[in-house]
Amino acid sequence: MSLKRRNGPRAIAALILFSIAQVGLQVGLAEPTITTTATTVLPQVIGRLTTRNNQPIQVNGLSATTGASILSGATLETGADQSAIVKISGVLRRPLVTGTVGAVEIAPNSKVVLTFDEQGNLKALVMFGCVKVSAERNATGEVAIEQGSLAKTDPASGGDLELRYDPGSAPAVGPGACKGPGPIYAAGSSGGLFGLGVPATIAVVAAGTAAGLTPLFFPDDQVNPSGPSN
Amino acid sequence: MLGIACCLLLMQSAARFGYARLLGKYAVAVNSIQAADEAVALAPGDPEVHRARGRVLSRLQMPGEARNSFEIASRLRYRDDFLWLELGRTREELGDTSAALAAFDQAVRYAPYYAHTYWQRGNLKLRMGQYNEAFVDLRAAAASRKSYVPSLIDLAWGLSRGDGKVAEQLIQISTDQDRYAFARFLAQKGKGKESVGQFRLLVRDRSDENRRELIRDLIAGKAFREAFELWRTDSSLKPPVILNGGFEEAIELESPDSTFGWFVFAKSEAKVVRDESEKLSGRASLLLGLNGNWKGPAQTISQTIAVEPDRRYRISFAVKTKDLVTGGPPAIAVKDRGADEGLGQSQAFPTPSSDWQRIQFEFSTRPGTQAIVLEFTRVANGCSPCPIFGELWLDDFVIEDVTTVNSQR
């Protein structure tokens, strides 16, 4: 075998290797660039927003729905037929545990500024509307209006506070101040379609479905055995 | 016969399936567990009815049960990113953040080019304390859907506790559009210096319209000095300065921008005109015609002036009156623009008629004062009602910093 013939396969192998390397390089360059420059941020307590029926509410003037993060100092505003709950948890320094600080339920047509910290303090400053603050043990819940604080929970036991405030009238603090018992943000009761109630609506739906399917089970000749008239 | 039987069987299956879906929709519409259970019993292999049941239970605050339904639904239709998101949210509701993250990972896996999956996962990571990883996802979401940019900035700002540099690092601005949004956000937060700094980094979006918009934001955020710095086109113009103090240039009536320069109120009770026939110096002066009511003298003509805190200033001007008849003569007043508090005012204008005469008065700014407003007031002295008739002219407004002069006395 001549020297030329012996070097031929080597050259081809080198070319193939080079081509594969090129493909690999191109694929590598095509990957999305994800910058991972680490920024030092102090650990903090962050709330989680859940809105009724996943309807958007305003957080710091921006639209937000279930799953949004709520940071201390955020202003939340609900419109008519909108309500929300913010559950606040994180690493508390008093005592040093990971846990829930508490929750704030916000009724429709309310505006509230929420502040909370690693010490377990949770404050709802109500501009207008109605809120319910639920503080866990070792946390301090507080309801306030711009004129000052109105009530605080005892960290030894935790507890709930409700406040309704409409500017121009005296604020109401206490159980049921918002709207009777039960969670104020939860979905409405099952009233059924057009207010018929659940069983009646199911019956209507079932009857409608059955009526719709009747022609499938009873062809024309069975329904009208006499057949078409002349 | 076999064919007919098969057809009937298929029809029955289709009917059951359709009816189950209908019940599922009904269950969600009215939050009925009973209807949702019935739907699941009719079509246990349909992910849609499990999802409906999960939604109902979730709304009724039964996350444990909802989780089971979403898990079944996501097993049956594992490529549905929305199902994984619902499962993730429910798992987080139960406090199982690791499992929630696993569900969100699946959502991102099956919808890698959509913003909502990254946004939800980023928010979860944020609450898990994985701040840098969270912002990788949040940035990816905002890059894909621009409507997330304001929320991204807001979260970065909140997490940085108002530190502009840290917020900028978290946002990692890469486009002019995002940088301009960040500049406006900083302006609204009163961080004038940082805001103007961001604006000057813009490569293409430094249009006049954007500049005017940012000036309005800076003023709304009470960053008056920076607003003036951005407003001035002549760098030799240094505050404090009363612009067009001699009314040599035209004054814009009903100006839409309450920024710097004279602002003439659209609903002024007095007639406000630039008059070239009367002047102390230059080519013109300002004429005010008064014909009875003048209950809101401050809402006539005013000017915002950028000043320094804790300084003493002197304002001088010339006034001429003609047949000015009233129990409450006019004067010029100065108030803190940010705090809306009076800082000083001139003596009352001469009545009923006088030739041009110079008036001056001094006032001190407060520690937080960044800008003052020059406006009309009336020295009423218990005059009520207090009609006013006649004309007056103003010219040659000048402001001087007299802090050093006074401290040397």
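**Close-up views of a predicted two-chain model**

**View 1. Helix 13 and helix 14 of chain B pack against each other.** The axes of helix 13 (residues 208-220) of chain B and helix 14 (residues 224-231) of chain B come within 8 Å and cross at roughly 165 degrees. Axes are lines fitted to C-alpha atoms, for helices over the stretch in contact, and angles run from 0 to 180 degrees between N-to-C directions. This crossing makes helix 13 of chain B roughly antiparallel to helix 14 of chain B (angles under 35 degrees count as roughly parallel, over 145 as roughly antiparallel, 65 to 115 as roughly perpendicular and the rest as oblique). Helices (H or I, at least four residues) and strands (E, at least two) are DSSP runs, numbered from the N terminus. Arg211(B), Leu214(B), Ile215(B), Leu218(B) and Ile219(B) of helix 13 meet Phe224(B), Glu226(B), Ala227(B), Leu230(B) and Trp231(B) of helix 14, where contact means heavy atoms within 4.5 Å. The residues of this contact divide into eight nonpolar, no polar and two charged. Here Ala, Val, Leu, Ile, Met, Phe, Trp, Tyr, Cys and Pro count as nonpolar, Asp, Glu, Lys and Arg as charged, and the others, Gly among them, as polar.

The model is predicted, with local features needing pLDDT of at least 70 and side-chain atom pairs counting only at pLDDT 80 or more, while totals for chains, interfaces and linings use all residues. Residues are numbered from 1 along each chain as its sequence is written, chains are lettered from A and ligands numbered from 1 in the order in which they are written, and side-chain values use heavy atoms, with hydrogens and water left out.

**View 2. An open sheet of chain B has the strand order 2-3-10-5-8.** Its five strands pair in the antiparallel sense; two strands pair if DSSP finds at least two bridges between them. Strand 2 (271-275) and strand 8 (354-364) of chain B stand at the edges with a single partner strand each, so one side of each has no neighbour in the sheet. Neighbouring strands are turned by 30 degrees against each other on average, direction ignored. Nine bridges join strand 5 (residues 312-326) of chain B to strand 8 of chain B, and Ser316(B) stands opposite Gln360(B) in strand 8.

**View 3. Another open sheet of chain B has the strand order 1-4-9-6-7.** The five strands are again antiparallel in their pairing. Strand 1 (261-264) and strand 7 (341-345) of chain B are the edge strands, and each pairs on one side only. Strand 6 (residues 330-336) of chain B pairs with strand 7 of chain B over four bridges, with Val334(B) opposite Gly344(B).

**View 4. Strand 9 of chain A pairs with strand 8 of chain A in a hairpin.** Strand 8 (residues 111-116) and strand 9 (residues 121-135) of chain A are antiparallel over six bridges, and Leu114(A) stands opposite Ala124(A). Four residues lie between the strands of this hairpin, where Gly120(A) takes a positive phi near 90 degrees. Strand 9 of chain A also runs parallel to strand 10 (residues 140-145) of chain A, with five bridges; Leu125(A) has Ala144(A) as its bridge partner there.

**View 5. Confidence is given for chain A and for chain B.** Chain A averages a pLDDT of 75, and pLDDT is the predictor's confidence in each residue, from 0 to 100. Over residues 188-196 of chain A the pLDDT is below 50. Chain B averages a pLDDT of 91.
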